[in-house]
Amino acid sequence: MHDVAVVGAGPAGLAAVDVLASHGARVLVVDEQPRAGGQIHRQPPATFAAATVPAGRALLAVAERADVDWWWRTAGWGVFGGHAGLDDFAGSTPADRADGDGPMRLAVHGPDGARTVRPRAVLLTAGAYDLPVPFPGWTLPGVLTAGGVQVFVKSAHLLPGRRFVLAGAHPLLLVVAAQLVAAGAEVAEVLLVRRPRAGALLRMLPAAAGNTGKLREGGHALAVLRRAGVPVRFGTRVVRADAGPDGELAAVVLAAPDGTHRTVPADVLALGYGFVPSTDLARQAGCAVRYDPAAGGWVVTHDRWQRSSVPRVSVAGEITGVAGAEQAVAEGRLAALGLLADLGLVPAPRIGRLARPVRRDLRRRRRFATALAAAFPPPAPAPADDETVLCRCEEVTAGTVRAALRANPHLRTANGVKLLTRTGMGLCQGRSCQPAVCALIAAETGRSVAEVGPYTARPPIRPIPLGTLAGGDP
Ligand SMILES: Cc1cc2nc3c(=O)[nH]c(=O)nc-3n(C[C@H](O)[C@H](O)[C@H](O)COP(=O)(O)OP(=O)(O)OC[C@H]3O[C@@H](n4cnc5c(N)ncnc54)[C@H](O)[C@@H]3O)c2cc1C
């Protein structure tokens, strides 16, 4: 029986596992990827010889711990029960722990099929994913997210095309463009919708102490792009992506700040508008969320020990707000310390002492992440025209959503629109369309995105075979 089941082996999850296992907790880690690292330290398959020394070696080494159970290619698709009070929980006896038969259940699906585990507590560190931004042609083969392009480069050491245009609003685009240049790609241009705010950039300076790694990474990327002669333009936005005779991306139509259009041939358009916290499993578990546009949208709320509103469910990393890998690591450590105290594995006074330097580090990371988010705010969503597909799983256009709203003036929430139009009911369960659908509802009804609300997250939050549900567990 496990004390803690951790969902996600990115920086937050790995940092937490290290603290938990080092203090004797019995830990299970599930991750839907084949190896540890999360988004930033995504690794090639174990059978590949690494062409370069992987970054984040110290964190990745945590995944070598033999005293932890690692279940790879295993998705957590539901959290059930777990509503027992924390006080009860902290007071549980060793005998309770031995049978481990608490009400908390984590349902997973992996290479061995479906399993239900009954840990004493769950730590959700599911991270974030690229913000999808619909525009005409965004569903063409060849239009990818910047993170998607990185999957090819980091885990397969492949380039998914020859000639790349990168467009969006997030500074990570510069890093991805430099990675592509280093891997031998032709990068035609890098386009950022807005120039970073000068005042906000200046405000980053006092927050830079202890955070110079990110600034160095950005400076290095700019130097690589300059040497390679790659233009970086501000104020340019993508108007549409055009297909060639084979139905795949052939060119990108761009609008300059003066409104003039030009066409750039490309076989990959990589989009990087920002990131969306992966809150689906936490919302399904019943954790409270709040809307914070600067942190990526809906984020899971937590107390000073990273406990969510649901007893025995803690959260860390980018599901609490997009803020970078260093902050994710600090939150992971803090969550682990909180769990060690709650589970009665380490006395509270000792935990207090251990937490002090972690909190100091976290404060430093938060200052920098806030300054960075202010310098590169996510763009206000441009209204999609009627023909543009918003929900690509169910092929629902912006026009269909608008028509539903106009025909039903009482429709004012994401869930209402979902029920009527099927947006968010497909394979991805709304991960892809929710931001754009909610922005459209807000624009049409004159409400804020916070008032429109997110889709309700229902189990299974990942596609699983029907037989798993028919089995009766959980
Ligand atoms: C696409 C993308 C690319 C990025 N590239 C960079 C970069 O190059 N440089 C940089 O500085 N920052 C990058 N970032 C930001 C950086 O990844 C994050 O700051 C950092 O990785 C966050 O750590 P985390 O532990 O919170 O989450 P993540 O690193 O996202 O890890 C979350 C883990 O949870 C797993 N998971 C999620 N849901 C489930 C589930 N239901 N069941 C099982 N497993 C699950 C995922 O497979 C993943 O391994 C990137 C972010 C994204 C989204």
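**View 1. Residues at the contact of helix 6 with helix 8 in the predicted model.** On the helix 6 side, the contact is made by Leu-174, Val-175, Ala-177, Ala-178 and Val-181. These residues meet Glu-217, Ala-221, Leu-222, Val-224 and Leu-225 of helix 8. By residue class, the contact comprises nine nonpolar residues and one charged residue, with no polar residue.

**View 2. Packing geometry of helix 6 and helix 8.** The packing of two helices is described by the angle between their axes together with the distance between those axes. Helix 6 spans residues 172–182 and helix 8 spans residues 212–227. The two helices pack at an angle of about 50°, and their axes lie 8 Å apart. Helix 6 and helix 8 are therefore oblique to each other. The crossing of this helix pair is left-handed.

**View 3. Pairing of strand 13 with strand 14.** Strand 14 comprises residues 249–255 and runs antiparallel to strand 13. The two strands are joined by six bridges. Val-238 has Leu-254 of strand 14 as its bridge partner.

Notes:
Residues numbered from 1 in each chain as written. Predicted model: local features only at pLDDT ≥ 70, side-chain atom pairs only at ≥ 80, totals over all residues. Heavy atoms only, no water. Axes fitted to C-alpha atoms, helices over the stretch in contact; angles between N-to-C directions. Helix = DSSP H or I, 4+ residues; strand = E, 2+ residues; numbered from the N terminus. Parallel < 35°, antiparallel > 145°, perpendicular 65-115°, else oblique. Left-handed = near helix turned anticlockwise from the far one by under 90°. Contact = heavy atoms within 4.5 Å. Nonpolar A, V, L, I, M, F, W, Y, C, P; charged D, E, K, R; others polar. Pairing = 2+ DSSP bridges.
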